[in-house]
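Here is a short briefing for a reader meeting this structure for the first time. Please look over the sequence and the model before reading on.

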Amino acid sequence: MKPTLAVWKFSSCDGCQLTLLDCEDELLELAETVTIAHFLEATRSRQPGPYDISLVEGSVTTAGEVERIRQIRRDSRLLVTIGACATAGGVQALRNARDHAAFKAAVYPSPQFIDALDTSTPIADHVPVDFELRGCPIDKRQLLETITALLKGRKPVLPDYSQCVECKLAGTVCVMVAHATPCMGPVTQGGCGNLCPRVGRGCYGCFGPKENANTEMLAAEFAALGADRRTIRDLFGNVTAGAPAFAAERARHDG
Amino acid sequence: MPAQGLDDLIGLLSSRGYEVWGARERDDALGLMPIETAAELPRGRVEAAEAGRVRLVEGPRDAVFDHTLPMHGLKRLVHPAEEKLYATGPDLVARDEAVAANPVAVLGVRPCDLAALETLTQVFEGGPYSDTRYRQRRDALFLVAVNCMRPAATCFCASMHTGPRAEAGFDLSLDELLDGDRHVFLVTAGSARGREILAELPGEAACAADLDAAEAGSRACAAAQQRRMVEGVEGLLKRNLEHPHWSEVAERCLSCANCTMVCPTCFCNTLEDRSSLDGAEAERWRRWDSCFTLDFSYLHGGAVRRETASRYRQWMTHKLSHWHDQFGMSGCVGCGRCIGWCPVGIDITAEAAAIAASEQGQTRSGDET
Ligand code: SF4
Ligand code: SF4
Ligand code: SF4
Ligand code: SF4
């Protein structure tokens, strides 16, 4: 029997699931290798668990989602979280250190109908997670590598180095050193394929903090390049703002 | 050779089947890339380099080679950042990936980068096993050195004894002599194939005054270097494997690995296996790695170097100290790339000096008691 693959959505934009559909060349082969048992973005047919591999997109932002992820964990042999929302809380985690009620009142005409938690949290805060795929969205090659490796029972090759390493492998000119552009790359885990520095932009930190991220020194360097407190706060306040290392640095530059 | 002779040189190399590479301006920095004419070289441009900053600016004169180093040295050409080693299928027979070593002539190799190439040769071939992929790529290189007349602020080759004048290791070497309207190159051959090309270049035999001017230029360049490595650094670091300074650097270091990637002698690499979805085909790849990553020190049960302090210590002691035990030479040639291209400007010469100063401080206080 073919192994089963399920794809789940929590609070998210669907972009990471779309990466799976984006695997155009490999999609047919994937469909031949696994049974896609649950993937609402692609097909309405659903099969009951258990599932060999569950890919989980999105963060936990409602009480219902807390229950749902526990059930999915029980139904899944391997659970892989995909994307900045599922691994760090996503851009919606910007509300975590703020007055959520005030946000609701400012945005919605009838905030009493909004049934959401005060925080947006990563899946790993609620259930054990086997592998994390970082990114906003995730990288297609990393996704295929992970599925391929897990199907064969080997460890996926998911580097934990900084975005800077991707720059140097690609031969990209460093935007900090050569252009004085603030770049989150030195504290951000690589994996996107060097998307931003390659076109002369600073890294936005989509892949979240690398291990051992020295955010304090990088923030000091941003200041030396002329960035003010608010700019520094916002550099640490993108889609992975909820990751502890970035949230702490952001807080140091708040107010 | 008159200054216009550079295009004759490029033509002669091309006609012998070499693709000619040189430093070219790209994204406001110097990249080592294919060139077709000497006009593509960054004439008149120099790097305003300091710790953590490398900017290209107009230089004081119209020299072709007053700039110094492209971001990457020759390492990329002989030890690519990523390469497939072999592939295999259901028969489990490994099919080696052929090395695509097209002949490349590099125009403008600096003495420190020549020394770095010697270092890599020792690394890849000095032991009982030699890397045949390295040799194929190394054999494909024709090296036209340029002796430096102007250092960047990050250079310290003089204190590493690797420059600013190349004595050997090149096919041809050039000294750029620019004096008022007179703009010529002194050309020296360092190999048989270099002599063949030299014989076909325009110009006349060098006069004693030109030879003197070239030597004087090198001496002035050495004297103008703003950085130097402390004397006896090999022993200094060995005596100070435990030192509070490692933690002090770790507060500044981002463990981003830029220094090791731009270093022309850092050779570390890792192997990665890739497989097709159905598992029928597999490939083995090699890619650059660095002692600044966590995975680098992963042994059974976990990574050994978890703290940035131990990673910085590994880098610096390997370059300056343990390389001598391993390869009988220094692992640093004084090119200064790790200083300029470190996003937070950590300076290997300053860190060594700080440790040396602490020893002197200890001796002094010891003397007083
Ligand atoms: S551009 Fe950014 S990611 Fe790339 S090397 Fe520079 S600091 Fe690192
Ligand atoms: S010394 Fe500089 S370039 Fe090297 S890892 Fe530390 S911060 Fe990065
Ligand atoms: S350690 Fe730094 S200065 Fe020495 S060779 Fe490497 S990059 Fe150049
Ligand atoms: S300094 Fe680090 S990356 Fe460079 S050769 Fe030594 S161990 Fe390898």
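The notes below cover the ligand site and then the contact between the chains.

This is a predicted model. Residues from chains A and B surround ligand 1, so the two chains share the site. Chain A and chain B bury about 3,400 Å² between them.

**The site around ligand 1**

- The shell includes Cys164(A), Cys167(A), Cys174(A) and Cys183(A).
- Gln163(A), Lys168(A), Val175(A), Met176(A), Gly185(A), Pro186(A) and Pro197(A) also surround the ligand.
- By class, the shell has 8 nonpolar, 3 polar and 1 charged residues.
- Helix H7 (163–170) and helix H8 (175–179) of chain A each supply at least two shell residues.
- H7(A) gives the most, with 4 residues.

**The contact between chains A and B**

- Chain A brings 37 residues to the contact, and chain B brings 46 residues.
- Carbon and sulfur atoms give 56% of the buried area.
- Lys168(A), Leu169(A) and Val177(A) supply 21% of the area that chain A buries against chain B, more than any other three residues.

**The side of chain A that touches chain B**

- Helices H2 (24–33), H6 (140–152), H7, H8 and H9 (215–224) of chain A each supply at least two residues.
- H7(A) gives the most here, with 5 residues.
- This side has 20 nonpolar, 8 polar and 9 charged residues.

Terms used. Residues numbered from 1 in each chain as written. Chains lettered and ligands numbered in written order. Predicted model: local features only at pLDDT ≥ 70, side-chain atom pairs only at ≥ 80, totals over all residues. Heavy atoms only, no water. Near = heavy atom within 4 Å. Nonpolar A, V, L, I, M, F, W, Y, C, P; charged D, E, K, R; others polar. Contact = heavy atoms within 4.5 Å. Buried area = accessible area lost by both parts, 1.4 Å probe.
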